Amino acid sequence: MLHIFNRYFAALFIAGALSFISVAAQAEPADGWHAFTTGDHAKAEAIWRLLAEKGDRNAAFGLGMLEQARNQFEQAARWYEQAARAGLTSAQVLLGSMYIDGRGVPRDGTLAYAWFNRANLDGHANAARVRDAIAAKLTSQELAQANALSESFASPK
């Protein structure tokens, strides 16, 4: 009798998991945001991971937010960088902030400036203010390096 119960439970678990994966595979990043904001982080992660691994910048950003909420800053920085390199200015700003604070990445004013500058070049409304504050603390050589890095971060059109 116990074997039958275990098989039944295993079949239900597998069916549920396959159904969950199927739903996640058909989901949009907005579905992940809904799950995230309602506290269903496992569902948000499942939705976003499938999409982010296919290159979706909004899903990568969502995973960055999720990992940051979990205090997994190295993982957050990795996902933010994927979204930032794809041109998402919010990710560029958050990644730049992580370089300012040294959260999940080494503290690095040059990289912080480069990401804030990239966000400014890509149209972020407030990135220039932070970029300029960082620039005031960089040497001319660091500033030249940061500008070159910023150009290299431009997403392919």
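Tutor: Happy to. Let's begin with Q92, whose side chain comes within 3.3 Å of the backbone nitrogen of A119. Bear in mind throughout that this is a predicted model. Q92 belongs to helix 6, which covers residues 89-101. Is Q92 buried or exposed? With a relative accessibility of 0%, Q92 is buried, since anything under 20% counts as such. Which residues surround Q92, once neighbours within four places in sequence are set aside? The contacts of Q92 are A84, G87, W115, R118, A119 and D122.

Now for the charged side chains. In general, side chains of opposite charge can pair when their charged atoms come close. The model has 7 salt bridges in total, and E45, R49, E67 and R70 are joined in a network of them.

One partner of E45 is R49, with 2.8 Å between the closest N and O atoms. Both residues sit in helix 3 (residues 41-52), and because they are 4 residues apart there, about one helical turn separates them. R49 is partly exposed, at a relative accessible area of 26%.

E45 also forms a salt bridge with R70, at 3.1 Å from N to O. Here the partners come from separate parts of the chain: E45 is in helix 3, while R70 is in the loop between helix 4 (57-69) and helix 5 (73-85), so this pair ties together parts that are 25 residues apart in sequence. R70 is partly exposed as well, its relative accessible area being 32%.

E67 itself is buried, with a relative accessible area of 7%.

Finally, a word on confidence. The average pLDDT of the chain is 86, and 83% of its residues score at least 70. Residues 1-25, however, have a pLDDT below 50, and this stretch makes 8 contacts in the model beyond near neighbours in sequence.

Notes: Residues are numbered from 1 along each chain as its sequence is written. This is a predicted model: local features need pLDDT of at least 70, side-chain atom pairs count only at pLDDT 80 or more; totals for chains, interfaces and linings use all residues. Side-chain values use heavy atoms; hydrogens and water are left out. A salt bridge is a side-chain nitrogen of Lys or Arg within 4 Å of a carboxyl oxygen of Asp or Glu. Helices (H or I, at least four residues) and strands (E, at least two) are DSSP runs, numbered from the N terminus. Buried means under 20% relative accessible area, exposed over 50%, partly exposed in between (1.4 Å probe, protein chains only). A polar contact is a pair of N or O atoms within 3.5 Å; within protein, one must be able to donate a hydrogen and the other to accept it, and residues adjacent in sequence count only if both atoms are side-chain atoms. Contact means heavy atoms within 4.5 Å. pLDDT is the predictor's confidence in each residue, from 0 to 100.
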